[in-house]
Amino acid sequence: DGTLVDVRFRHYQAYADALGDLGVEPLGPGAYWSRRRAGAGTFEIVSGLPGQIYSRFTAMWSERVESARYLALDRLFPGVRQMLATFAADYELLLLTLRWNRDGLLDELRAIGLDGAFSAVISPGAGEERKKSVLVSGRDFGDRAWVVGDSEADVQLASDIGAEFVGITCGVRSPAFLRQAGAVRLVDSPAALVGAVGHVTAVRS
């Protein structure tokens, strides 16, 4: 999500609306995203709610955050199309996500004009383990593979499959959190990715 599209409005609005419907005052956007960027998940942020309200919130948020109404709040980061077109000349592009609503995912890719950008779109099916390395098990990535991501799960994926990792800091997690998770190479935008990958590749050639 946070690698290609700005999800801040969607995630926060689903959170605020669900709490509002339950009669609970939400954090402001700044406070919410400060905690998310520092490593907290949405469910962790509301973990102090009474048990029944917490259970209702998690169900409401999970249902809403990938629904068409909230997906419409996403915005493509500047430079994404150019970045993908540049990489497509030298790499096979795979989109790997833990989103559960595959139809919503594919609809969003069509809506933002990226439905033809990837050779495969990989997401968990019903009952599948929600771990990225499991979803790509059995694939041979060769010795030039890169994982581009914005979370600790992406850092772990790169380690699991023996790929290089570069993190985007405009996504869900902060630069400090990504470094703590083990990321070495960080860029602040999709547009900066091309230079980061090209520089490392050239140095190793």
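Colleague: At what angle do the axes of α1 and α2 cross, and are these helices roughly parallel or roughly perpendicular to each other?
Modeller: In this predicted model, the axes of α1 and α2 come within 11 Å. They cross at roughly 110 degrees, and since angles of 65 to 115 degrees are counted in one class, the two helices are to be described as roughly perpendicular.

Colleague: Which residues of α2 take part in the contact with α1, and what is the make-up of that contact by class?
Modeller: By class, the contact of α1 with α2 has five nonpolar, one polar and two charged residues. From α1 it draws on R8, H11, Y12 and Y15, and these meet, on the side of α2, the residues P29, Y32, W33 and R36.

Colleague: How wide an arc do the buried residues of α2 cover around the axis?
Modeller: The buried residues of α2, which runs over residues 29-37, are Y32, W33 and R36. They lie on the same side of α2, because the arc that they cover around the axis is only 90 degrees.

Colleague: What covers those buried residues of α2, and which residue with a positive phi follows the helix?
Modeller: The cover of the buried residues of α2 includes α1, residues 8-21, and α3, residues 42-45. Beyond the end of α2 the chain continues to a residue whose phi is positive, near 120 degrees, and that residue is G39.

Colleague: Where on α7 do its buried residues fall, and within what arc?
Modeller: Helix α7 spans residues 102-111, and its buried residues are G104, L105, E108 and L109. Viewed down the axis of α7, they line one face of the helix, because they fall within an arc of 140 degrees.

Colleague: Which exposed residues does α7 carry on the face turned away from its buried side?
Modeller: The buried side of α7 is covered by elements that include α5 (68-71), β3 (94-96) and β4 (120-122). On the face turned away from that buried side, the exposed residues are D103 and A111.

Colleague: Is L96 buried or exposed, and which residues does L96 touch?
Modeller: L96 has its place in strand β3, and it counts as buried because its relative accessibility is 18%, against a cut-off of under 20%. Not counting residues up to four places away in sequence, L96 touches I122, K132, L135, V136 and L157.

Colleague: How far apart are the C-alpha atoms of E164 and R144?
Modeller: E164 is found in strand β6, residues 164-168, and it is buried, with a relative accessible area of 18%. Along the chain E164 and R144 are 20 residues apart, and the separation of their C-alpha atoms is 7.9 Å.

Colleague: How far apart in space are S137 and P190?
Modeller: S137 is found in the loop between α8 (132-135) and β5 (146-149), and at 53% relative accessibility S137 counts as exposed. S137 and P190 are 53 residues apart in sequence, and from C-alpha to C-alpha the distance between them is 26 Å.

Colleague: What radius of gyration does the protein chain have, and with what value does it agree?
Modeller: The protein chain has eleven helices and seven strands, and its C-alpha trace spans about 60 × 35 × 30 Å along the principal axes. For 205 residues, a compact globule would have a radius of gyration near 17 Å, and the chain agrees with this, since its own value is 18 Å.

Colleague: What share of the contacts with a separation of 6 or more joins residues 24 or more positions apart?
Modeller: Of the 205 residues in the protein chain, 45% are buried. Among the contacts in the chain with a separation of 6 or more, the share of residues 24 or more positions apart is 59%.

Definitions and conventions:
Residues are numbered from 1 along each chain as its sequence is written. This is a predicted model: local features need pLDDT of at least 70, side-chain atom pairs count only at pLDDT 80 or more; totals for chains, interfaces and linings use all residues. Side-chain values use heavy atoms; hydrogens and water are left out. Buried means under 20% relative accessible area, exposed over 50%, partly exposed in between (1.4 Å probe, protein chains only). Helices (H or I, at least four residues) and strands (E, at least two) are DSSP runs, numbered from the N terminus. The arc is that of the directions from the helix axis to the C-beta atoms. Contact means heavy atoms within 4.5 Å. Axes are lines fitted to C-alpha atoms, for helices over the stretch in contact, and angles run from 0 to 180 degrees between N-to-C directions. Angles under 35 degrees count as roughly parallel, over 145 as roughly antiparallel, 65 to 115 as roughly perpendicular and the rest as oblique. Ala, Val, Leu, Ile, Met, Phe, Trp, Tyr, Cys and Pro count as nonpolar, Asp, Glu, Lys and Arg as charged, and the others, Gly among them, as polar. The radius of gyration is taken over C-alpha atoms; the globule rule is 2.2 Å times the number of residues to the power 0.38.
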